[in-house]
Amino acid sequence: MITFLWVIVVLISLSILAFVYRLVKGPSTPDRVIALDAIGVGLITLIGLISILFDTVFFLEVILLLAVLSFIGTVAFSKFTEKGEIIQRDRNS
Amino acid sequence: MKTNDLIIQTTTKLVFFIIFLFSIHIFFAGHYTPGGGFVGGLVMSSGIVLLMLAFDLKTVQDMLPINYTLITAIGLLIALFTAAGSIFFNVPFFTHVYDYFNLPLLGETSIHTAMFFDTGVYLVVVGVTMNIIQMIGGDE
């Protein structure tokens, strides 16, 4: 079981490397934003596996925190690429 | 050009309360598990930033009519009074005490004065972060 988990850790690390390749290479900005979002999901999975391997529950709050921050970061980036400003002063005027 | 951001606004109305409850949980769990006032305050302010992203600055100001400078000052005052309160009992500055109380809904709860200090940290972090973001984001 432990060997199986380590194999999955290696596989997810390789997939994060592939996302980093897309982050560096990606021709357009949305490619890079989606790569960053996917890196966030990969990190969440990695932290879950690491907390199983280290036999601790203290990392579980990090997972939720990282999910929240990744979501807000993606929303901010996509709003910047769509509208050019992140926080508008008055939307209805 | 007016855009219709229905999905992000509906998602925000749901997710904001999850972030809010998570912030409160991290704040209260800070004594025995990782977390505390600093992380809780940052999570709370990131939830308000999500509201600002989905709506706009004026709507959020109408939803939460909070003066964040005042919040910072109140947090600093709470921290200072918690630290200074120990002087009146002839013990050194910043001495903390704890005791067990029977609260109406929660039953027997241990209340530590470090929690009030942490409340001050929480309020200061929320106030300073939202002040910075409003000052940068609200500029025309």
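Here is a short chat about a predicted model with chains A and B.

Me: Hi! What does UniProt annotate over residues 7–130 of chain B?
Reply: Its unreviewed entry gives the domain "Na+/H+ antiporter MnhB subunit-related protein" for that stretch. In this predicted model, residues 7–130 of chain B are 66% helix and 10% strand.

Me: Which parts of chain B does UniProt list as "transmembrane region"?
Reply: The unreviewed entry lists residues 12–32, 38–57, 69–91 and 111–133 of chain B.

Me: How much helix is there over 38–57 of chain B?
Reply: That stretch of chain B is 90% helix and 0% strand, with its end C-alpha atoms 24 Å apart. For residues 111–133 of chain B, the figures are 91% helix and 9% strand, and the ends are 34 Å apart.

Me: OK, on to the largest nonpolar core. Which residues there touch the most other members?
Reply: Those are B:I48, B:L53 and B:M130, in a core of 27 residues. Elements giving two or more residues to this core are α3 (60–83) of chain A, plus α1, α2 (37–54), α3 (57–63) and α5 of chain B. The most comes from α2(B), with nine residues.

Me: What is B:L53 in contact with, sequence neighbours aside?
Reply: Leaving out neighbours within four places in sequence, B:L53 is in contact with A:I72, A:V75, A:A76, A:K79, A:I86 and A:R91.

Me: Last one: is A:I87 buried or exposed?
Reply: A:I87 counts as buried because its relative accessibility is 11%, and buried means under 20%. A:I87 lies in the segment after α3 of chain A.

Me: Which residues does A:I87 contact, again leaving aside its neighbours within four places in sequence?
Reply: A:I87 is in contact with B:M52, B:L57, B:I133 and B:G137. Within chain A, A:I87 and A:A76 are 11 residues apart in sequence and 8.7 Å apart in space, C-alpha to C-alpha.

How values were computed. Residues numbered from 1 in each chain as written. Chains lettered and ligands numbered in written order. Predicted model: local features only at pLDDT ≥ 70, side-chain atom pairs only at ≥ 80, totals over all residues. Heavy atoms only, no water. UniProt positions renumbered as here; feature names shortened; annotations may be inferred. Helix = DSSP H or I, 4+ residues; strand = E, 2+ residues; numbered from the N terminus. Core = buried A, V, L, I, M, F, W, Y, C linked by side-chain atoms within 4.5 Å. Buried < 20%, exposed > 50% of the residue type's maximum accessible area, 1.4 Å probe, protein only. Contact = heavy atoms within 4.5 Å.
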